[in-house]
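Here is a short report for a reader meeting this structure for the first time. Look at the fold before reading on.

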Amino acid sequence: MSASVDQAGFEQIRTWLSQRCGIAFPPSKSELLRQRMERVLRRFEFDNLDRLAEELLSAEAQDVELAVMHAASINHTYFFREPDVLDRFVDLAVPTVQAQSNTRIWSAACSTGEEAYTIAIMLAARLGPAVLNKIDILGTDISGPVVERAELGIFPQRQFSQTDPQTIARWFRPTGIEQYQVVPELRNVCTFRRMNLKARPYPFTRPFQFIFCRNILYYFDQNDQAATVEALYHCLEPGGLLVTSVTETIRDLNNRWEPISTGIYRRTQ
Ligand SMILES: C[S@@+](CC[C@H](N)C(=O)[O-])C[C@H]1O[C@@H](n2cnc3c(N)ncnc32)[C@H](O)[C@@H]1O
């Protein structure tokens, strides 16, 4: 398909993704977006992007909306991603977890759930497995298929490239060919739901002690980054921590955060 034929549809999809999901595809990423939308065209047997845009904007085809969101979002993740930040987080979290009868943690944009399970494993490794009885981890993502996979808790071997064999042996059971499933003890700590970070304010009545929002903000434009970080702020209890990726800085977005160390910020009031 030549770019000019369905350029109008392409631009409508690009705008929809930006406005509806906060996912920005600048001109430098146009080819990537086209490749991703090809999958949606094949699945629904649409001839071109004009046709896809028409369905998308009709707001009647929720399955098309979800397919476009899923194809556009980059779900790459793995266990123990950015371990230095995670180690530092655990150091900082331990006093709170020990002091509270229940600790609420949110992995926002969790993809297939590796981040949520990693947090549980690290806290259990530091404080003993009994700590899992007083931790609740919520993982959310805009993509339905990744949330379903997170709930299933079955992961291919490649997701464990940064995980040591003893950790795999302790917290996972082999299932199928080169796959592992999380043990129920760990599975029970994590709940997964579909949620669009662009639908603000967020619907939580009780605050979280810790929020992870990693490797997602850089897909958002500056306004959405600021609005997302602001909305996250209101979901944390005062003194709570926000963990971002080492490649994402929120310092310019909202000056009420106290930078603690690379990728970790504290809600001040
Ligand atoms: C690169 S993954 C990050 C996974 C994990 N946080 C990590 O750092 O490894 C980004 C995830 O953000 C999700 N995502 C994209 N736009 C979103 C939105 N508007 N709301 C919620 N999740 C979104 C994608 O579906 C994808 O699973």
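Asn-215 counts as buried because 20 C-beta neighbours lie inside 10 Å. The rule behind that word is simple: a residue is buried if 20 or more other C-beta atoms lie within 10 Å of its own, exposed if 12 or fewer, and partly exposed in between, with C-beta atoms placed from the backbone. Asn-215 sits in the loop between E7 and helix H10 (222-233). Its phi is near 55°, a positive value in a residue other than glycine.

This is a predicted model, in which local features need pLDDT of at least 70, side-chain atom pairs count only at pLDDT 80 or more, and totals for chains, interfaces and linings use all residues. Residues are numbered from 1 along each chain as its sequence is written. Helices (H or I, at least four residues) and strands (E, at least two) are DSSP runs, numbered from the N terminus.

**Loop residues and burial**

Glu-178 also has a positive phi, near 50°, in a residue other than glycine. It lies in the loop between strand E4 (172-174) and strand E5 (179-182). Glu-178 counts as exposed, because it has 11 C-beta neighbours inside 10 Å. Ala-130 is in the loop between H6 and E2. With 8 C-beta neighbours inside 10 Å, Ala-130 counts as exposed. Ala-130 and Pro-27 lie 103 residues apart in sequence and 50 Å apart in space, C-alpha to C-alpha. Another loop, between E6 and strand E7 (208-213), holds Pro-201. A cis peptide bond joins Arg-200 to Pro-201, with omega about -5°.

| Residue | C-beta neighbours inside 10 Å | Class |
|---|---|---|
| Asn-215 | 20 neighbours | buried |
| Glu-178 | 11 neighbours | exposed |
| Ala-130 | 8 neighbours | exposed |
| Ala-67 | 23 neighbours | buried |

**Two domains**

The chain is divided into domain 1 (7-72) and domain 2 (83-267). These bounds come from an automatic or database domain assignment. The C-alpha centres of the two domains lie 28 Å apart. Nine residues from domain 1 and eleven residues from domain 2 make the contact. Here two residues are in contact if their C-beta atoms, placed from the backbone, lie within 7 Å. On the side of domain 1 that touches domain 2, helix H1 (7-21) and helix H4 (62-72) each supply at least two residues. That side divides into five nonpolar, three polar and one charged. Ala, Val, Leu, Ile, Met, Phe, Trp, Tyr, Cys and Pro count as nonpolar, Asp, Glu, Lys and Arg as charged, and the others, Gly among them, as polar.

**Helix H4**

Which residues of H4 are buried? They are Val-64, Ala-67, Val-68, Met-69 and Ala-72. An α-helix has 3.6 residues a turn, so residues three or four places apart point the same way. The cover over the buried residues of H4 includes H1, helix H2 (30-44) and helix H3 (49-58). Ala-67 touches Val-40 and Arg-43, not counting residues up to four places away in sequence. Ala-67 and Ile-250 are 183 residues apart in sequence and 30 Å apart in space, C-alpha to C-alpha.

**Strand E2 and its partners**

Strand E2 (residues 135-141) is largely enclosed by the rest of the structure, because five of its seven residues are buried. Strand E1 (residues 103-108) runs parallel to E2, and six bridges join them. Two strands pair if DSSP finds at least two bridges between them. Ala-108 stands opposite Thr-140 in E2. From E1 the chain crosses through helix H6 (residues 114-127) to E2, a right-handed β-α-β crossover. Right-handed means that, with the strands pointing away from the viewer, the path from the first strand over the helix to the second runs clockwise. Five bridges join E2 to strand E6 (residues 190-194), again in parallel. Asp-141 has Arg-194 in E6 as its bridge partner.

**Antiparallel strands**

Strand E10 (residues 264-267) pairs in the antiparallel sense with strand E8 (residues 236-243) over three bridges. Val-243 stands opposite Ile-264 in E10. Strand E9 (residues 257-261) also pairs with E10 in the antiparallel sense, over four bridges. E9 and E10 form a hairpin with two residues between them, and Gly-263 in the turn has a positive phi of about 80°.

**Around the ligand**

How many residues surround the ligand? There are 24, and the closest are Ser-73, Thr-77, Ala-109, Ser-111 and Leu-197. A residue is near a molecule if its C-beta atom, placed from the backbone, lies within 6 Å of it. The shell has ten nonpolar, nine polar and five charged residues. Domain 1 and domain 2 each give at least three residues to the shell.
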